[in-house]
Amino acid sequence: MKLLLGLGSCGIAAGALEVEKVFSKVFQGSSLSLQRVGCNGMCFAEPLLQVITDEGESRYYGRLNADSAQELASDLLKGVLPDAGVLPQEEMQFLQKQTRIALRHCGLIDPENIDSYLAAGGYKALEKAFTLAPEEVIEQVLLAGLRGRGGAGFGAATKWQAARNEQEKIKYIVCNADEGDPGAFMDRSLCEGDPHSVLQGIIIAGYAVGAQEGLLYVRAEYPLAVHRLQIAVRDAEKKGFLGKNILGSGFDFTIRVVQGAGAFVCGEETALLASLEGKRGMPQPKPPYPAACGYKGKPTVINNVETFANVPWILENGPEAFAAMGTSDSKGTKVFALAGKIKRGGLVEVPMGITLGQVVMDIGGGTVSGRPVKAVQIGGPSGGCLPASLLDTPIDYAHIGRTGAIMGSGGLIVIDDSDCIVDMARFFMEFCCHESCGKCPSCRIGTQRMKEMLEKIIAGKGNMEDLEKLNEMALAIRDGSLCGLGSSAPNPVLTTMRYFPEEYEEHIKDKRCTALQCRALLHYAVKEDECAGCGLCADACPSGAISEKENIWQINKEKCNACGLCCQACPNKSIHLCSGEVTQ
Amino acid sequence: MSEIKILIDGQEVKTQGGQNLLEIILAAGIEMPHLCYQEQLRPYGGCGLCLVEIEGSRKLFRACSTSAEDGMSVITQSLRINSVRRQTLALLLSDHRGDCIAPCKNACPGGNDCQGYIGLIANGRYDEAISLIKETIPLPACIGRICPHPCQEACRRDLLEGTLHISHLKQFAADLDLAKDQPYLPKVETASGKKVAIVGAGPSGLSAAYFLAQKGHQIKIYEAMPKPGGMLRYGIPKYRLPREVLDKEIFLIEELGVEICCSQKLGQDIELEELRRKYDAVYIAVGAWKSSPLGCQGDDLPGILGGIEFLKQLELGCAPALGKKVAVVGGGNTAIDVARSAIRLGSDVTLVYRRSRAEMPAEPWEVNEAEEEGLNLRFLSAVSGVFEANGQAAGLRMQKMRLGAPDESGRPKPEPIPGQIEEQTFDNIIAAVGQQVSGEGLMGLALSPKKTIVADVKDFSTNLEGVFAGGDATNRGPGIAIEAIADGKNAAFVIDGYIRGEQRTFAKPFMVADANFSKDDLKSVPPCPSVPLQYQNPQSRVKDFSEIVLPYSEKEAQAEAFRCLECGCDALYSCRLLPLLRQYEAYEQNPGGSMHRRGLDLSHPLIRRDIDKCILCGLCVRVCSEKVGAMALDFMERGFDSQASPPFMQALAADADCISCGECVVYCPTGALSDRWPLGKTPPLAATQKAIVCPYCSEHCHMVGEYYGDWLLRVLPEGNERACSLGRYGLPLESNAASLDRLDKQEEMTLLRNIQGDLMRFNGEMPEFVGINDLISYLQNLRA
Amino acid sequence: MTKANNQSVDLSPVGAILAKHQDPKGELIALLQDLQELYGYLPQEVLLYIADKADIPMARLAGVATFYAQFHLECPGKYQILICNGTACHVNRSQELAEIIEDKTGVAEEQTSLDGLFFWRRVACLGCCSLAPVMMVNSQVYGKLDKSKTAAIIDELRNQERTVR
C-alpha cells in the first residue's frame, strides 16, 4: 500500500507538515510509511493524502488536520480503509476530467528523490533524444505544434530553430520560472512537484539547439521551488544526466538555478536577460531577438517552465499524440490555476479547445457561494475579465484573443456578484503601475494616470468624460509601450469597459457599487421594521451619523463612512450595508 | 553592408542595410520627433515618439530600434501615430514640473524678460541688460517709473521677504544707458521702401514706430498734441515721470529714422482716407482722452473739470487756478494723480470715492504716498448731485454708502444707507471717474457700443483694409501703458507681415507653468531682505513736481537683483520637449494627478539639476556610461518614481564617480540638467553661436561658444567631441572672475576641484592650486 | 542576523561571500541576495565596500538595489510580514488584512515599528491562491485568513517576544 502526502507550498501552508508529523508518530516502528509527493493540484482539499492499495485502487482523503490524521493513521495501521474523509465523486471529477501531460507526475512522485522520478519512467525521453540528430528533435517539437506556455504563445520550435541556425558556438537555454501573474501558480507547482521533468526539457532543448548551459530563473518568492530545483540539479549531476558526456552522448550541459529579485517585468525576455546579467530589469528593443543575441550577447532560447515540462512527453509519446489534442492553432494541453470565488480551486490541465464554462463549472464546480459567475479573469494583468455570457468560448489562443483578453500563463480567477468589476480593473492597473520598469512614458506615467482615474471613479468622483479619457489613454499606452507589460496593461480596463459598461456608469452616474465593495460609495442603513430602538449603534458610531426619530434609529447617509461599527454593535442584526439603492 | 531600397511615405530611399529606420528618415530630411535617440549612443527605445507603421504588421514600431530591410514600406505620419504621440507628450507634460518662463515674464503684457535683465544686472552686465530690455520695451526708463508692474504681483519672492523691485531695476538699467554719450540703439535693417503712418505718439504709437522702423520701414507719426508722448506726458504728472526722461527716450526712437509731426489731429489736420492712400499701412493709436462725466444731477454744470482734462491742461500750462478746497471724485490712478497734483498746487484736496479703500483700483502704494502728502480720503461716499452757486458748480451732495454683497466684478456692491446724505462745498470739483475714446475723426472705422475701435485681438485689423489699431482706443478701452506698448509691438509684427504680403497673427505661445508652486518649494532659499525704494520725504516733496522716488545705486541694484530666484527654465532656448508639445498641441497637464516635486540639486558648482523636469530619456545615464565611462549616474527606483540620478539620489557634488565633464548637460533635452554659474545668475538668453578654439593647451580642441552680445555664456564641445573640464568651463570662469568674492572658501575649493575634474584631453602640466585665483592666473598664462 | 540601524556593521564576512562569485558585476543580483541573506538587509557600508573591492560603479549598484522589490536598504523588523496582493487574495479581501496589520503593528506599509519587531508590505502573488487570503511572516505562510485570525497571529508573535525577554 502506498501513502502519498501532498507537500507543496500551499499544502504546507494548509498544515500538511503537522499531518505528516502525526502520521510519522503513529507509524513509528510499523511497516507503514508516508511518501512525500508534490501537490497534485487539488488545492481545495489540502492537506491531501492519496492511498493506493496493492490492488491499485486509489482513495483520496482530504482536508486533514491533526485530529482526523490521528484517526486515519490509526485505522490504516489496523489495515482499515475508512470511508470518512474520502473525497466524494463530485470532487473527484476535478481530477478525472483533466488530461495531465505537463502535470503527469505531480502528486505521484517524491520531488526530492530522483529515484522516484526514474521509477516513474524519468529521463527516458532524454535517452530517446540522443538517438536523434538535434535537427530531428526540433522537428518533433515542430510537428507537435508546441506553443510557448508563458503567455505569448510563440512557437517553441521556431525559437529553437532560429538559435540552432546561429553560427555562434556558445549558446544558452533559459527557463523562465518567474511566474509573476498574480493568481498563477502553475509553474510553482511544476517546479515543486516534478522538477526533473523541467530539467529534462531544458537538457533536450540544449541538445537540440547546441547550447552548453541552462539557466533556470526562478522567482525569489518561491523558496520551496528553488530548493527542490537545486536538489534536482545536484541529483541529476550525480546520476550523469547533467555534466560532461551525458549518457555517453558526447553532449555536455550544465544547469544553474538563479533567483529573481521581485520584478514582474523580468518575465519579459529581454528584461529577464538583463536581470541574469546583474542589471536593472529594463526591456530592450527587439530585434535583436534573444535567439540571435541573448544572454551575454549569445544565442539564447527562453521558454516557460510548462513549455519545457511538455517536451519529454512529446519525445516519449510522439508529436502526433500531442498534436491530436487541442485545436487547429493550439495543440496539446494547458495547465490552468483556478482560483478566486471558485468552489474547487487548484490546478487544472485540459486539452485546448475545451470551453471556459467546462473548466469553471464542470471541473471547478462553479462559485463557492453558489451564486452565478459574474466574470472569469483570464491572462492576469495582461488579460481581461470575460462575462458569464462568454463562458462558452473555447480556450485557445485565437478564440481568447478575439474577446480582447489573452490566454496568458494560465491564471483563471472566478468572480461572482460580490466582486466589483471596476475595482478589478483598478487592481490590475495598480499592479502594472507598481511593476512598470519606468522606461517608457506611456507605461510609467500612463498606468499611473489610468490608476488615478479609476481611483477617482471608485471614490465616487468620476464623470462620463473620464471614460472617454480612459479609452483614449488606453489605446495610446497600448501602441506606445516598448514591451508587453505596458502594451497589455490597458487590457483589463478595455475589456471591463467593453463587457461591463453599466457597472462603470453606475459608479459614475448613480454613485453606486452593486457589489458593495467600493467603500466611498457605501453606507449603512437601519432596517426600520427590525430596529429594536436600543441605540447601541449610535454609541458605536465614530462619525455621529446616527440619530433617533420616533424610537427608530436612522443613519445619515452623507456622514456615514461605512466603517461598520454600528453593524457589529447591533444586537438585532438590523443594520445593513448599502450602496445607492442596493442593500445587502 | 549591401545597399537596400525601402519606401518611406511612398518615396523610395536607397540606404545601407543594417541602419536603423530613424537614422535613415532623418538623413532623408523627413521630420520625425524623437527625444531619447542620439546617434553616438546605442538606441534606447524609451520615449516612444519615433513611432512608424510598417506595412504588413499591425503594431507600431520605434524607428530608432528597427533595422531597415530591403523592400520595407514605412509610414511616418498617420492619425493613429500622431494620436499616440500626442498622448505620450501629454503624459510627459503631466509629470513635468517647471516654468518655461518666469512668472514675472509671463505676467508682463509686453513679455519683457525680467528674469533676463535682472540676471544681467546681477552679473554687472548693464549693456547687455539694456539691449535685452529694449528687445521688447522701447521706453524702459518711463515704464520702469510708472508701470503698476503686474510682474511684481507674480514674483515668487513675495512668498518669502517680498517681491523683487523689478520695475525699479528696469529704471536703473535704463537710466544708466540714457546717461551714456551714445545710448543703446537697436540695429535697423536695410530700407524696405515701404511706408507706415501711425496716428498717435503715445506709448502704443511710439512702440509700433520703434519696431517697424527696425524692419527698415519708413515711419511717420501724426500726433494731435503739441508734443509727443501721449498719456505719458499729458496724463501722468511730472513727479512720477520727469519730462527730460520722456524726451530722451522719444528722441532715441526718432534716431531710428522715425518722423513725428505734432499738432496734427485726425479728422481736422489730416484725414484717414489720405493716410490710407499715401501709406502702405496705417496704425491708429489715439488713446482715450475724454473724461467720463459724473453721471449725476448737475454733472453738466460749468466749473466741473474732467480728470484727464485737468492733467492735460496742467501740462499745457493752461489749467485753471484752483481754489482752497478741491474735491476729486474717483478711485483710480488718474484720480490720485489729479489729487496729488492739486496738493502740489497748494490746495487742500479731498478724494471722494463711493466704495472702500480696499476696492480702489488705484495702486495701493500710490494711495499711501498720497495720504502721506496730506490727501483727505472720503470713502463710501457716492456723489448723488452737484449743487450750484451763481451758476457754477459749488459743492457735492454725497450719499453715504455701505458694503453689500459682491457684484459681477467680484467686489462688494455698495448700498446706500437710507437717509444719510451729506453736503460739502468745494471751490473746485474734478471728476476722475473714467476715460473714454473721443471718437472724433474716426469716420469709417467700426466702433463698439463703448465707442472704442473694434480691432481683431489676433491681428489688430479693423474693418478697413490696411488700417490697424491698438492701445487704449480699442476694444476693452483704457488699460495700462505696458499693455499699449505690447499692442504696438505685436501690431508692428502683423503690419510688417502685411506689408510683405504675409498673413500673420499674434498669439502667445504655449509655455509650461507650475500652477502649484508654494512656500514649501522655497525651503532651502537663504533669507535676503529686499532693498526698499527710497522716497523724498512727504513734507518737502509736495512743494514741487520733482521726481519723488530716488533711483537705486549700483550696489543696491545688484543686491536686489541677486534676490532673483531664477524661476524660468535654463533650457528655454534649447529645450527639445517644448517645441514638440506645441507642435502636437499636447497641452493638458492632468489636473489632480500626482506630480513629483523633489526640488533642485544645487550642490554642484557647475551643474544644476532640476529633477522634476526630467523626462527619463536616459541620455545622461547612457552618455556617462557609454561615452564618458565614469558611470556616475544611473536610474534609481522603478516605475513612476524612477529618477536618473547619482547613487541613492544623493547630491551630485557628493558623487565620487562624477568627473564634472558636463557631458550630461550637453545631452539633456530639457532643463533637468543645465550649466550654472556659481559666481552670478544664469539667465536663459537667446545666444548666438560662434566657433572657438580652446586656448588652454596644444590640443586646440574645436568648441562652440554661446554668446549674448559680447558676453560668453558657456562653451560646448563641437559635434560629438568631448571637451576636458578646463575647455568647457575655463573661458566662462575667466570672463566672470570679477565676481569671485561671492564664494566662500569651501565653495571655492569645490569649484577648483570640479574644474579640474576631467582632464582627459588636456595636454599639459597641472600644478597644485591654492585657490581659484591661482587657477585663473594659470589659465590666463596658458592663453598668452 | 539583523542589525539595528545605529550599530556599525561587521564587514568581515563580506570577503567570503565575494569569493563565491567569480563575476561579481555579472552576478550582482545573486551577490546582493547573499548579502541580504546574511545581514537581513543591504547596509550602505556593505555596498560601499563591495563597490570598492569588486570595482562596481556605485551608481550601478544603487540602480540594481533600488529596482528590485526584494532588496531592503534599511533594516526591517524582526518579523517581516508580506501580505499577498495576488488576484485571488484581493478578491478574498486581502485589503482587510492590510488594515488590521497596520492597526496592530502601528506602522504604515514599508515601515518598521518603533520596537523593531514588525515590518510589513504587500507583495506580488505568493502562488497559494487556493488559500486566499494569504500572508507570509518570515518564511511561514498563513492561509485562509480573516481579520480576527490575522490579529491573533500578531498578538501571538508579540507574546512570544515578551516571554523571550
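Mentor: One cut-off before we start: buried means under 20% relative accessible area, exposed means over 50%, and partly exposed is in between. Also, this is a predicted model.
Trainee: OK. So is H700(B) buried, exposed or partly exposed?
Mentor: Partly exposed, because its relative accessibility is 46%. H700(B) sits in the loop between β28 (688-693) and β29 (702-708) of chain B.
Trainee: What stands out about its phi?
Mentor: H700(B) has a positive phi of about 50 degrees, although it is not a glycine. Most residues other than glycine have a negative phi.
Trainee: What about the phi of D9(B)?
Mentor: That one is positive too, about 50 degrees, and D9(B) is not a glycine. You'll find D9(B) in the loop between β1 (3-8) and β2 (11-16) of chain B. It is partly exposed, with a relative accessible area of 36%.
Trainee: Switching to peptide bonds. What kind joins E46(A) and P47(A)?
Mentor: A cis bond, with omega about -5 degrees. P47(A) is in the loop between β2 (34-37) and β3 (49-52) of chain A. A cis bond also joins P287(A) and P288(A), with omega about 10 degrees. P288(A) lies in the loop between α12 (269-276) and β8 (300-304) of chain A.
Trainee: Now helix α18 of chain B. Which residues are buried there?
Mentor: A557(B), Q558(B), E560(B) and A561(B). Down the axis of α18(B), the buried residues fall within an arc of 165 degrees, so they line one face of the helix.
Trainee: What covers them?
Mentor: The cover includes α4 (114-122), α5 (126-133) and α8 (166-178) of chain B.
Trainee: How does the lining of the largest cavity divide by residue type?
Mentor: Into 14 nonpolar, 2 polar and 2 charged.
Trainee: Last topic, chains B and C. How much area is buried between them?
Mentor: About 990 Å², with 68% from carbon and sulfur atoms. In chain C, A59(C), T66(C) and F67(C) lose the most area to chain B, together 46% of what that side buries. The contact takes 14 residues from chain C and 11 from chain B.

Definitions and conventions: Residues numbered from 1 in each chain as written. Chains lettered and ligands numbered in written order. Predicted model: local features only at pLDDT ≥ 70, side-chain atom pairs only at ≥ 80, totals over all residues. Heavy atoms only, no water. Buried < 20%, exposed > 50% of the residue type's maximum accessible area, 1.4 Å probe, protein only. Helix = DSSP H or I, 4+ residues; strand = E, 2+ residues; numbered from the N terminus. Arc of directions from axis to C-beta. Contact = heavy atoms within 4.5 Å. Nonpolar A, V, L, I, M, F, W, Y, C, P; charged D, E, K, R; others polar. Buried area = accessible area lost by both parts, 1.4 Å probe.
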